Each structure stands twice: as C-alpha cells, then as structure tokens.
Amino acid sequence: MVNRLLPGVPENGSRGTSVTPSLCKRVRFRKSDCQKCVDVCPEEAISLRPGPTIGASCTDCGLCQVACPTEAFENELCSELFLLSQVESLRDDHEAHGGTRGLGFHCRRAHRRSAGDLHVRCLGVMTENVLIGAAVAGFSRIVLGRGMCSRCHWRSAEPLINRSIRSAVTFARGMGLTEFCVQVEDRDHNGTAAFGRRDILSGLARRLRSHVRVATDPDRRTTVSPALSWSPPRNSHPVMGSPKRRLLKTIVGNLSRESCSRLPHDPEVPWGQARVKADLCGACGICAAVCPTGAISRAREGENHVLTFSASECTNCSLCQEACPDGAIDFEDDVAVAEVCRGGATIVAEVRLTSCAMCGGEMQAGNGAVCATCDKRQVSIQGATRLARHCAG
C-alpha cells in the first residue's frame, strides 16, 4: 500500500539501536546532569562516559530514543515512520466506515481488543508525533491497551507514555482538533508478557552473551563495541537539526492553521519559545554553540551581538538555559502552534558590544572596562599578592 501521509517509509527491519554521542547534553555541556537514557533503559545497557555508549545487553526496545531530549538515539524498528505507516494502512478502512472507528494500540502484555488493533512491544515508543499523525489522519479517538506496568520489566516507560499523551492532546487541540482524545485501558494478559518464541530466545541469547563476556573478561566492563565507540569532539559541536520536528512539519503541513492557538509551556514537551534577557546577556555565544538543532543562532551586525531563535527547531532540551553563564535565558509561558510548525527565526536579543581593556575580547557595553574573565583574574592576582605580602611579613 502506498503511504499517502509519508511516502518512502522504510520496510520493517531493525538496524539495531545507534547513537550519536556528540548530540548528548553531557557532551555538549559537561556540567549537565542529564541521564534520561540511563534511567529509562530496562536492560541497564547504556553508560555515560560522558556521552552515551550502548552495551551488548541492549534489546532494541527504543525507549532511549523517545526519552532523549536531543534525539541522540535512533532505532529504525521503533521509528515514528514505521508506526505512522501502520496508522496509514488503516486509514482506508476508517474512512469507509465514515470515520466512526477509533484506532487501537496494545502492548505485548495486553489483550487485543479487536482484530484491527496495532501491536507494539511497549506503549512507551508511542511518541506525540505518532498520536498527532493519527489525529490528522482522521482518528478522533485512540485507545491504548496496556498490561500491568508496575509488574513489567519495561515499567520505566510509563512516564514516557503519559508525556506523549499529554503532548499530543495539547498540540492537537491547539491545532483546532478539539474532538481528539486518547484513552488508556488496563488489559493485562494475566500478568504474563505475550512474547513470541523468537523474542524470548533472542532476548535470552543477548543477555547470556553479555553476562558471559563480563564474567570471563573483566576488561569488558569498560569496553564498548568498536561500531559504537566515542571520541570527544574538539572546539565545536555539530548542528544536526531535529528529525522529529521535520516529521511533525510533514504531518501537519497541509492542515489549515486558521483555528490554531497557543501551547502552554511545559518542561516535558518537545517545544518551547526561548526568552533572552538582553540586559544580562554577556554576548558569549555559548547558547548557540551548545544548541544541537540550531534553534538559537548568533550573528554580528555592526557593533551589535544578535541572537535569533526558531521555535520550529527547538526541542525544549533546555541546554541553552543550563549552559548560559549569565542566567539570561528562560522560556515564555506559551508558544504559538504556527511558530512550531513553520520555519523562520525571530530576533530575541540585541547586545551592543565593546572591547575588553585587558584582553581585547568582545564584551557587553556598559559593564565596565574589563570582561568578567579578566575581572576574575584581577581578583585572583590581587588575592595572591596580598597573601604573598602577608607571608613575607
């Protein structure tokens, strides 16, 4: 069947979970304490050194891909494209019944409600893009059947499910799809996981190989697969853009936005509108340097340092806010749906520049004659001189 929503969807097949460590918050800003991928991994297969590496016990569940705020992980089998292609395959049947049928998903621990339900290994891989894509396809009601999450080996995914539902419903209603709703039903499969024989055997084989390697070779405890090795980038970090945001733009591309409203800011949802306090900004450019998607960029216009921001690229990872040494960045209370879905950037700060009297570097005008770094050096030199005089006396 041709996918009308997203042409060119890859065939169902896993390349395994891969990672781009240079996109990790801990690599781009060493003081970051983010470890969402580690917290969500049910197999404890991820380690941070400081960027993420994947061990042999990985079962390709795809939860790290959903949890990572900077989209450092990728898994084709659990990709949004694959799930959206399944949604698209049911669209004709849905339209044939006048749009009266809802759409159902169920996890491996849950009973199937009907023959038309779609199966996923865990509902945690259901991102807001998949749910929004279903809403745009005409499904006004989605039912998610789950087993008993508290007894599941992948119970760490439950917060991801709740976050995706909240994000999707808020965004859909912001687009004017007020009838859209997502319902969660508890349909535990008698407390046992509905695994296929292949899933069980392959999972056991992965764990056995991992345990044997660690038991027989202590050096394996700190060694990673050569294909997943990491070397720290120097001086600059790559700007990769946001594949999830590009997909969202494709999903809602032809939808009328006349009735679109604004989305309230939530630290857990993948969009936001940065706000820069120009009177505090030191024109250091760190925010633009650490941003993985290029949502914040800097430019020099005459004697001014100009910061621009694009809500259509921002994934709300908050890295700019964490890394800003001046505490000049926070987020607006809401963001327009149209700004999230369309390209373009707006100026969020203009800072007049001058030169530091000591090092000659650029600094904000009106904050004295020397930059903050040179001022600290002066204080350190003066303190050392006083200490030397005290010891000599």
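# Chatting through the helices and loops of a predicted model

Guide: Let's start with Pro238, which sits in the loop between helix 8 (197–216) and helix 9; helices (H or I, at least four residues) and strands (E, at least two) are DSSP runs, numbered from the N terminus. This is a predicted model, where local features need pLDDT of at least 70, side-chain atom pairs count only at pLDDT 80 or more, and totals for chains, interfaces and linings use all residues. Residues are numbered from 1 along each chain as its sequence is written, and side-chain values use heavy atoms, with hydrogens and water left out.

Visitor: What does Pro238 touch?

Guide: Not counting residues up to four places away in sequence, Pro238 touches Ser22, Leu23, Arg28 and Pro292. Contact means heavy atoms within 4.5 Å. From C-alpha to C-alpha, Pro238 and Pro292 are 7.0 Å apart in space, and they are 54 residues apart in sequence.

Visitor: On to helix 9. How do the axes of helix 6 and helix 9 cross?

Guide: At roughly 5°, with the axes of helix 6 (residues 128–136) and helix 9 coming within 10 Å. Axes are lines fitted to C-alpha atoms, for helices over the stretch in contact, and angles run from 0 to 180 degrees between N-to-C directions. Helix 6 and helix 9 are therefore roughly parallel to each other; angles under 35 degrees count as roughly parallel, over 145 as roughly antiparallel, 65 to 115 as roughly perpendicular and the rest as oblique.

Visitor: Which residues meet there, helix 6 to helix 9?

Guide: From helix 6, Asn129, Ile132, Gly133 and Val136 meet Lys244, Leu247, Leu248 and Ile251 in helix 9. By class, that contact of helix 6 with helix 9 has five nonpolar, two polar and one charged residues. Ala, Val, Leu, Ile, Met, Phe, Trp, Tyr, Cys and Pro count as nonpolar, Asp, Glu, Lys and Arg as charged, and the others, Gly among them, as polar.

Visitor: How many residues of helix 6 are buried?

Guide: Eight of its nine residues, so helix 6 is mostly covered. The buried residues of helix 6 pack against helix 4, strand 5 (103–106), strand 7 (141–146), helix 7 and helix 9. Just after helix 6, Gly138 takes a positive phi of about 110°.

Visitor: And where does helix 4 meet helix 9?

Guide: Glu80, Leu81 and Leu84 in helix 4 meet Lys244, Leu247 and Ile251 in helix 9. The residues of that contact of helix 4 with helix 9 divide into four nonpolar, no polar and two charged.

Visitor: Switching topic: how many aromatic pairs are there?

Guide: The count comes to one aromatic pair. The rings of Phe171 and Trp271 have their centres 5.0 Å apart and their planes at 50°, so the pair is tilted. Rings of Phe, Tyr and Trp (its six-membered ring) pair if their centres lie within 6.5 Å; planes under 30 degrees apart count as stacked, over 60 as edge-to-face and the rest as tilted. Both Phe171 and Trp271 are buried.

Visitor: What about Thr315, where is that?

Guide: Thr315 lies in the loop between strand 12 (304–309) and helix 11 (319–323). Thr315 is buried, with a relative accessible area of 9%. Among the residues Thr315 touches are Ser242, Arg245 and Trp271.

Notes:
Buried means under 20% relative accessible area, exposed over 50%, partly exposed in between (1.4 Å probe, protein chains only).
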